[in-house]
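This report concerns the packing of helices and the nonpolar core in one model.

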Amino acid sequence: MDAILLQILNGLDKGSAYALIALGLTLIFGTLGVVNFAHGALFMIGAFCAVTLQKILSLSKVTLDPTKTDFLGNPAKVKTPYVESWFGPEMGAAIIDWSVPLAIIFAIPVMLIVGYVMERGLIKHFYKRPHADQILVTFGLAIVLQEIVKHIYGANPIPTGAPDAFIGSFDFGVLLGFDPNTIIYPYWRLVYFVFAALVIGGVFAFLQLTTFGMVVRAGMADRETVGLLGIDIDKRFTIMFGIAAAVAGLAGVMYAPINSPNYHMGMDFLVLSFVVVVVGGMGSLPGAVLAGFLLGILESFASMNWIKDLVPGIDQIIIYLVAILILLTRPRGLMGRKGVMEE
């Protein structure tokens, strides 16, 4: 039982990332009808927002400390971060330590702007084009963004630490009545799961409980009729593209301490996230979330050593095998809608 619970927990953080990215993909497809292969790049940009803010907060000035000397007897040079000079040593150190959560505030406007520019500058010209054209142009855009990030930050992963308060692991074994140290789970992965649940809940609440969200859902169901009512549905859909970009970016920000940001991390998640969307059902927001967590947990179970010994390489293909089985039995996915991608 403890091994099963541990694998479920291990699958939650990756499943959370899949669910958040797939949620944004589904929002874009459901509103604009665009198959956006650049969505993984938005996840990557979000992760590098965390890297960027951490570097900015760590900028330091060099001062001489007369109480310390180097080997020549000269006053030692000491690097002091600017934030510590401005806010004091304790507050400045705390700000630097909490740079990843603070990057959420930094990333939201950045991702909204990136999403707006992407949609208005390029993607809007492909609304009425075949899905194959949309895939090609957005995939090309993803490669361009990837290479820009590689040029600026380099090809190597950049470690981005979680706050000191969340370093370490929580002992679920003791909480559930098992022996100590049987079910150990990192604190930050728990934070990521809770964060993902809050973002997903916020998106659904926005779509279900606000007038703006209700109009968007009506536009997803019947765009022409909503337009005839005098509502600028295109403007609202553009805003939804920005929101979808922000969701992907926030997923990347909070994932940075789990997987050190690198220029190809967007591509690593992109294909799997599209599989999640297809399994959940094209255009289905609940389906995208359900499939994200389901496939993340299944991938975790497939990574167990005894399973990999029994079926070598199963951890690399389990998601695709499950996708094949589901689509053979349910061609529209778990919660797909009739008529979507069936023309």
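The model is predicted, with pLDDT of at least 70 needed for local features and 80 or more for side-chain atom pairs, while totals for chains, interfaces and linings use all residues. Residues are numbered from 1 along each chain as its sequence is written, and side-chain values use heavy atoms, leaving out hydrogens and water.

The axes of helix α2 (residues 39-57) and helix α6 (residues 131-153) come within 10 Å and cross at roughly 20°. Helix α2 is therefore roughly parallel to α6, a term for angles under 35 degrees. Axes here are lines fitted to C-alpha atoms over the stretch in contact, with angles from 0 to 180 degrees between N-to-C directions; helices are DSSP runs (H or I) of at least four residues, numbered from the N terminus. Contact means heavy atoms within 4.5 Å.

| α2 | Ala41, Met44, Ile45, Phe48, Val51, Thr52 |
| α6 | Ala142, Leu145, Gln146, Val149, Tyr153 |

The largest nonpolar core has 103 residues, of which Leu20, Phe43, Met118, Tyr192 and Val253 touch the most other members. Such a core joins buried Ala, Val, Leu, Ile, Met, Phe, Trp, Tyr and Cys residues through side-chain atoms within 4.5 Å.

Methionine 254 lies in helix α11 (residues 233-255). Methionine 254 counts as buried because its relative accessibility is 4%, the limit being under 20% relative accessible area (1.4 Å probe, protein chains only). Not counting residues up to four places away in sequence, methionine 254 touches Val100, Ile104, Trp188, Val191, Tyr192 and Phe195.

Definitions and conventions. Buried < 20%, exposed > 50% of the residue type's maximum accessible area, 1.4 Å probe, protein only. Helix = DSSP H or I, 4+ residues; strand = E, 2+ residues; numbered from the N terminus. Parallel < 35°, antiparallel > 145°, perpendicular 65-115°, else oblique.
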